[in-house]
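Hi everyone, thanks for making time for this. Let me put the structure up on the screen, and then we can walk through it together.

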Amino acid sequence: MTSYELPDGQTIEIGADRFKVPDVLFNPSLVQTIPGMENFLDTASVRGLPQMVIESINKCDVDIRRELFNTILLSGGTASMQQLKERLEKDLIEESPQAARVKVLASGNSTERRFSVWIGGSILASLGSFQQMWFSKGEYEEHGASYIQRKCP
């Protein structure tokens with residue numbers, strides 16, 4: 001058993017299930033082996049993280065796929081999980097096209113990993129060119145989802 005402090009200050013004890021939860025990222029059908037989660041989702045259509053990365057890269061222009069496989073960047077709180085980088089890289093090497101050179105990158109600083117998404121969003125939001133793409137909730141409600149395509153071609 002290991003103690004974890006939640007953001008609200010509450011402390012919980014977690015046993016062997018703490019090893020199962022990260023594996024769900026790679027094999028979603030494992031969610032059904034966690035007590036209380038047996039009927040949580042239909043795993044037939046759910047893909048693991050490596051499959052989603054490969055599908056995303058394959059939806060991009062063929063000319064940049066090699067570079068994308070070589071610069072996969074982990075960020076956010078989940079990226080702080082132990083051995084996530086190594087496991088993802090191993091699985092991607094096994095499942096990606098043979099010509100692809102796979103490299104998964106992650107900051108060695110866990111605080112930087114955790115907040116890099118917010119830092120990047122802050123930098124993006126401060127750019128003048130990005131500010132021209134903003135629109136209000138009222139504009140969205142008035143014009144609908146198609147407004148996004150007109151505002152951000």
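Let's begin at Q83, which sits in the loop between strand 3 (72-73) and helix 4 (84-95). Please keep in mind that what you see is a predicted model. Is Q83 buried or exposed? With a relative accessible area of 55%, Q83 is exposed, because anything over 50% gets that label. There is something else to notice about the backbone here: Q83 is not a glycine, and yet its phi is positive, at about 65 degrees.

Now let's move to another loop, the one between strand 4 (104-105) and helix 5 (110-126), where we find S107. In contrast to Q83, which is exposed, S107 is buried, with a relative accessible area of 18%. That value counts as buried because the cut-off is under 20%. And which residues does S107 touch, leaving out those up to four places away in sequence? They are E112 and R113.

Let's zoom out to the protein chain. How many helices and strands are there? The chain has eight helices and four strands. Reading from the N terminus, the order is β-β-α-α-α-β-α-β-α-α-α-α. The radius of gyration is 20 Å, well over the 15 Å that the globule rule gives for 153 residues, so the chain is more spread out than a compact globule. Along its principal axes, the C-alpha trace spans about 50 × 45 × 35 Å.

Last, the surface and the charges. The accessible surface comes to about 11100 Å², and 55% of that belongs to carbon and sulfur atoms. The chain carries 16 positive and 20 negative side chains, and the centres of these two sets are 5 Å apart.

That's my tour, and I'm happy to go back to any part of it!

Key
Residues numbered from 1 in each chain as written. Predicted model: local features only at pLDDT ≥ 70, side-chain atom pairs only at ≥ 80, totals over all residues. Heavy atoms only, no water. Helix = DSSP H or I, 4+ residues; strand = E, 2+ residues; numbered from the N terminus. Rg over C-alpha atoms; globule rule 2.2 N^0.38 Å. Areas by Shrake-Rupley, 256 points an atom, 1.4 Å probe, with all protein chains shown as cover. Lys, Arg positive; Asp, Glu negative; His and termini not counted. Charge placed at Lys NZ, Arg CZ, Asp CG, Glu CD. Buried < 20%, exposed > 50% of the residue type's maximum accessible area, 1.4 Å probe, protein only. Contact = heavy atoms within 4.5 Å.
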